[in-house]
Amino acid sequence: MKRSQLIALVATLALAVPAGAQVKLNGAGATFPNIIYQDWMLTYNKAHADVQLNYQSIGSGGGIRQFSDGTVDFGASDAPMKDSAIAAINGNVLHIPTVLGGDVPTYNLPEVMATLRFTPDLLADIFLGKITRWNDARIAAVNPGAKLPGTDIVVVHRSDGSGTTFIWTDYLSKISPEWEQKVGRGTSVNWPVGLGGKGNEGVTATVKQTPGAIGYVELGYAMINKLPAGAVQNKSGKFVTPAIESITEAAAGAMRAMDPSTDFRVSITNPDGDKAYPIASFTWFLLRKQYDDAPKATALVKFVWWAETEGQSRAEPLGYAPLPKQLRPWIEARLKTITAGGKPVWTTAAR
């Protein structure tokens, strides 16, 4: 198609929906689910010309801030909001899980062909700066036969407030008392060592460009960028490669512990189960319980319900695990509580 024809087509499409009739929804937050969120929004926008969805991948910390400040219609986070943050906005938030994902240790060692294996204590001590070379005897012991180079380990971590960091540090805090005491868990922590990268995108790029680097990213980023994802020893002592199936297994235990009244703020790192990948998490949309703008609230609930139903089929190809279908009635019940101007929007939104 010629450039002039393309311009004409774009102009025709723009005229097809009057600007005043289009509802614009803005969101911001986690980079962890950005790959699928962009896919969802592009797909949904194509089928619903009356809605324009925009999402800024700025990190969970930024998403929580912008949501709390009221500068976006919805937020997104891999770290559930703290009770104090919820109280600061008078409890006007719902955590709605969207997909499951896994933090994976990814590294730049082109000379190592086999997938590297990591025990929990290895990961903790690498990120504490206690293990500094790739041919360290402890790494070699769990990777027999691997030709490990004697190069320095370059730790790469997030520089911004990040739900991916919360998941990673939540896991390290569970498996390492030293980590929990010295560093702890959070969207931002005081890293003992390493280089910072902004977003999953920044960590991915830094690992790719830095020989000897190791970092943590969401599985989808490793897949798309053709980076290796290490196998991690789980609570049952099994080395598990991060994959859709093993991430889904991590949610199984959490589901058994949940009840219909849950607010979904649950941690599923270091779960029970022989096949469970140990560094997995839900990721959440942050929605308001009460909105002022009824058309926006209605359009947002429609989109979220589409993501929770039709949109789930798009998760696996992009490196995410779809939500267990048993969660749908619980999610539906939460969405039915959303109001605008004191009136529920579900009756005109989802069916």
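A crossing is left-handed if the near helix is turned anticlockwise from the far one by less than a right angle, and right-handed if clockwise. The model used here is predicted.

**Exercise 1.** Describe how helices α5 and α7 cross, and list the residues in contact.

Solution. Two packed helices are described by the angle between their axes and the distance between the axes. Take the distance: the axes of α5 (residues 120-127) and α7 (residues 163-175) come within 10 Å. Take the angle: the axes cross at roughly 115°. Now the hand: this crossing of α5 and α7 is left-handed. Next, the contacts. Helix α5 supplies P120, L123, A124 and F127, and α7 supplies W168, Y171, L172 and I175. Last, sort by class: 8 nonpolar residues, no polar and no charged ones.

**Exercise 2.** Check the span of helix α2, then find its buried residues.

Solution. Helix α2 covers residues 34-47, which is 14 residues. At 1.5 Å a residue, the helix should span 20 Å. The end C-alpha atoms lie 20 Å apart, so the two values agree. For burial, apply the cut-off of under 20% relative accessible area. The buried residues of α2 are N34, I35, I36, Y37, W40, M41 and Y44.

**Exercise 3.** Which residues touch the most other members of the largest nonpolar core?

Solution. The core holds 100 residues, and F285, L287 and L335 touch the most other members. Helix α12 (residues 294-308) gives the most to this core, with 9 residues. Now follow L287. Leaving out residues up to four places away in sequence, L287 touches F67, F74, N92, V93, L94, I96, L300, V304, L335 and I338. Finally, a second, separate core has 9 residues, including I64, F67, V72 and I86.

How values were computed. Residues are numbered from 1 along each chain as its sequence is written. This is a predicted model: local features need pLDDT of at least 70, side-chain atom pairs count only at pLDDT 80 or more; totals for chains, interfaces and linings use all residues. Side-chain values use heavy atoms; hydrogens and water are left out. Helices (H or I, at least four residues) and strands (E, at least two) are DSSP runs, numbered from the N terminus. The expected span of a helix is 1.5 Å times one less than its number of residues. Buried means under 20% relative accessible area, exposed over 50%, partly exposed in between (1.4 Å probe, protein chains only). A nonpolar core is a set of buried Ala, Val, Leu, Ile, Met, Phe, Trp, Tyr and Cys residues joined through side-chain atoms within 4.5 Å. Contact means heavy atoms within 4.5 Å. Axes are lines fitted to C-alpha atoms, for helices over the stretch in contact, and angles run from 0 to 180 degrees between N-to-C directions. Ala, Val, Leu, Ile, Met, Phe, Trp, Tyr, Cys and Pro count as nonpolar, Asp, Glu, Lys and Arg as charged, and the others, Gly among them, as polar.
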